[in-house]
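Biologist: I am new to this model and would like a close look at one part of it. Please start with a simple point and then build up the picture.

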Amino acid sequence: KVIYNGVNADIFNPSEKRNLKTNFPELSDIKVPKILYLSRWAERKGIRFFLKAIPDILKKSDVHFVFAGPNNNNKNQIPKENCTFLGYIPQNKLPCLYASCEIFLLPSLLENFPFVLLEAMSCESAVISSNVGGVSEMITDKENGLLIRAKNIEDSLKDNLENNVEAEINPYENPRAYCKIRSFAEDKYGGLKQEDIRGLAKAVY
């Protein structure tokens, strides 16, 4: 039996957005959809392809990019009005950050079964991820998220972001309605308590 990673849906909750002005005042006045990248700036995380796609996305879409994680900066000269660099985020502020960003992006070249997708989904952020590792076990394309091609991340990323924003998908309603994001994360991955996991592990071994 497969024992999946889980997410604490009580902690990773969309209501945490109420703390935005306290935790992230630099984001509180941004009115356009926010796209969150939360990771290291490492080649395996697909950051190079993401950065290359941004100029074309901004030509057609009014969005704001939020970069969080160690070692990130604006060396690529993204217009300041279109990006915010937060640096390292402590664990207790992550639910607020997820809940405050309409889209969570994971453009990785390599992944296993990333917790960040479950956390973002539980906070009702619409998720876009490269189709690598165990991601396809978490995301069914166009049902509870969007999958992009791992071997052609730049073009597929541009297509997905441009098409969704330009189609005037309401980030507060439509993606959450058709994706059923939080209910999926909570129902499938949020119900196991530690004693349940221990019992499953004993049954397996």
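Biologist: How many disulfides does a search of the whole structure find? After that, please take me through the sheet and what surrounds it.

Modeller: A search of the whole structure finds 0 disulfides. A disulfide here is a pair of cysteine sulfur atoms within 2.5 Å. Take Cys 96. The closest cysteine sulfur to that of Cys 96 belongs to Cys 101, and the 8.9 Å between them is too far for a bond. Cys 96 is buried, at 1% relative accessible area. Cys 83 is buried too, at 9%. Buried means under 20% relative accessible area, exposed means over 50%, and partly exposed lies in between (1.4 Å probe, protein chains only).

Now some ground rules. This is a predicted model, with residues numbered from 1 along each chain as its sequence is written. Local features need pLDDT of at least 70 and side-chain atom pairs count only at pLDDT 80 or more, while totals for chains, interfaces and linings use all residues; side-chain values use heavy atoms, with hydrogens and water left out.

How confident is the prediction? The mean pLDDT of the protein chain is 79, and 73% of its residues reach 70 or more. That score is the predictor's confidence in each residue, from 0 to 100. Over residues 166-179 the pLDDT is below 50, and this stretch has 25 contacts in the model beyond near neighbours in sequence. A contact means heavy atoms within 4.5 Å. Where pLDDT is low, the predicted coordinates should not be read in detail.

On to the sheet. Its 6 strands follow the order E3-E2-E1-E4-E5-E6, with parallel pairing, and the sheet is open. Strand E3 and strand E6 (146-148) stand at the edges. Each has a single partner strand, so one side of each is left without a neighbour in the sheet. Neighbouring strands are turned by 20 degrees against each other on average, direction ignored. Strands (E, at least two residues) and helices (H or I, at least four) are DSSP runs, numbered from the N terminus. Two strands pair if DSSP finds at least two bridges between them.

Look at one pair. Strand E1 (residues 34-38) and E2 pair in the parallel sense over 5 bridges. Here Ile 35 stands opposite Phe 65 in E2.

Helices pack on this sheet. Helix H2 (residues 47-60) lies across E1, E2 and strand E4 (103-106), and runs at about 160 degrees to E2. Helix H4 (residues 115-122) touches E4 and strand E5 (126-130), and its direction makes about 170 degrees with that of E4. Such angles run from 0 to 180 degrees between N-to-C directions, with axes fitted to C-alpha atoms, for helices over the stretch in contact.

Stay with H4. Of its 8 residues, 7 are buried, so H4 is largely enclosed by the rest of the structure. Val 116, Leu 117 and Met 121 are among them. In the loop between H4 and E5 sits Glu 124. Glu 124 has a positive phi of about 65 degrees although it is not a glycine. Most residues other than glycine have a negative phi. Glu 124 is partly exposed, at 25% relative accessible area.

Another loop joins strand E2 (64-68) to strand E3 (83-87), and Pro 79 lies in it. Pro 79 is partly exposed, at 33%.

Salt bridges come last. A salt bridge is a side-chain nitrogen of Lys or Arg within 4 Å of a carboxyl oxygen of Asp or Glu. The count comes to 5. One of them joins Glu 102 and Lys 34 at 3.7 Å, N to O. This pair links distant parts of the chain, 68 residues apart: Glu 102 is in the loop between helix H3 (94-100) and E4, and Lys 34 is in strand E1. Glu 102 is buried, at 3%, and Lys 34 is buried, at 4%. In another, the closest N and O atoms of Lys 45 and Glu 111 are 2.9 Å apart. Lys 45 is in the loop between E1 and H2, and Glu 111 is in the loop between E4 and H4, 66 residues away. Lys 45 is buried, at 10%, and Glu 111 is buried, at 14%. Arg 18 and Glu 16 also meet in a salt bridge, at 3.9 Å, N to O. Here Arg 18 is exposed, at 59%, whereas Glu 16 is buried, at 19%.
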